[in-house]
Amino acid sequence: MFDSSAPIGIFDSGIGGMTVASAVTRLLPQENTIYFGDTAHLPYGDKSTAAIQAYSIKICNMLLQQNCKLILIACNSASAAAYELVREYVGSKAKVLNVIDPVVDYIKEHYDGKTIGLIGTKQTVLSNVYKKKVDALGKNIQLKSLATPLLAPMIEEGFFDNNISESIITSYLSDASLSNIEALILGCTHYPLIKNQIGQFYNGHVEILDTSEIVAFSLKSWLEQHYLVNEKGQGKRAFYVSDYTLSFEQSTNIFFGSQIQLEHYPLWE
C-alpha cells in the first residue's frame, strides 16, 4: 500500500511537461510533486524509440528512489514509445500513468462518430499510437494526424503570441490533412501555451482539447479511487533537470506560470 503523502513524479524530455505539472498542482495543491526534465536529451520527438525507452527507465529509477506513489509520463513522445516498458519495469513499486490514455478516454465519452485532428511531434504521430487506440474504441471516430515538429522548439524559444508563431501555426493548421475536423488534440505538452492562437485560427468552430487539463483530472480521479489523495496541507514542489542552463530556468515561468528554482541532477554522468 502506498503512502498518500508520498510524492507524484512527473517527467518530460524538457520543460514542456511543466504545463501538465502546473495543471496538476492547480487541481491538487496539497500533493507533493517532483518534476524531472531530461534537458540533456531534448527533444524526444526526433529520437529513436530505443533511446527514449532508455532515458525513461533511467529517470524512473531516480523517481522511485524518491518513493513516488505515482509516476506520470508528461510527454507524448515518451508515452508513445516507453509507457508499456516503464509500467512493466516499475511493477508494483508505483502506479504509472501516461498522457495519451486519458485523452483517448475523453474522446470516447464525447466524440462518438466525429472527425478529430491531432498535432504532435514526429515520434507521437508516426507511432500511430493515438490512431490505434481511437480505432480500438469502436466508436466510428475518424482521426486525422499531422506532425508539427517546428512548434515545440518555437515555444521553447519563447516564440508565441507573435507574427512568427502565427505564421507557423497557420501554415500547419491549413494543411489539407486536417480538413473538416470537429476537435483538435494538442498532442504535445508544449502546445497548451499556444492554445489561444490555435483557437483564434479556428474561430470557435473546432474544440481545442487541452491534454494537460484532461490528464490532471484523470490523475485526480485515480488518486481518489485508490484513497491516495494527500490530505496533509500544502504540497511541496521540487524541480530537477539533467542539464542546467540559466535560459532554462528563465523559461520555466512561461511553462509553470511562476518563477521556480531548477536543481541540476546529473543523471547521465
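**Notebook: loops, annotated sites and a helix pair**

I began with P43, which I found in the loop between β2 (33–37) and α2 (49–65), where helices (H or I, at least four residues) and strands (E, at least two) are DSSP runs numbered from the N terminus. I noted that this is a predicted model, in which local features need pLDDT of at least 70 and side-chain atom pairs count only at pLDDT 80 or more, while totals for chains, interfaces and linings use all residues. Residues are numbered from 1 along each chain as its sequence is written, and side-chain values use heavy atoms, with hydrogens and water left out.

I then looked at the peptide bond between L42 and P43, and recorded that it is cis, with omega at about -10 degrees.

Next I looked up N140, which lies in the loop between α6 (129–136) and β6 (142–147); although N140 is not a glycine, it has a positive phi of about 55 degrees.

I turned to the UniProt record, an unreviewed entry, which places "active site" at C75 and C188; its positions are given in the numbering used here, feature names are shortened, and annotations may be inferred rather than shown by experiment. The two residues are spread over 114 residues of sequence, yet they cluster in space, with a largest C-alpha distance of 6.8 Å. Both C75 and C188 belong to the lining of the largest pocket. For a pocket I used a 1 Å grid over the protein atoms alone, taking an open set of points with protein on both sides within 12 Å along at least five of seven lines, unlike a cavity, where a 1.4 Å probe fits but cannot get out; lining residues have an atom within 4 Å of a point. I placed C75 in the loop between β3 (70–73) and α3 (76–90).

The "binding site" annotation from UniProt (unreviewed entry) covers D12, S13, Y44, G45, N76, S77, T189 and H190. These residues span 179 residues of sequence but cluster in space, the largest C-alpha distance being 12.4 Å, and the lining of the largest pocket includes D12, S13, Y44, G45, N76, S77, T189 and H190. I located D12 in strand β1 (residues 8–12).
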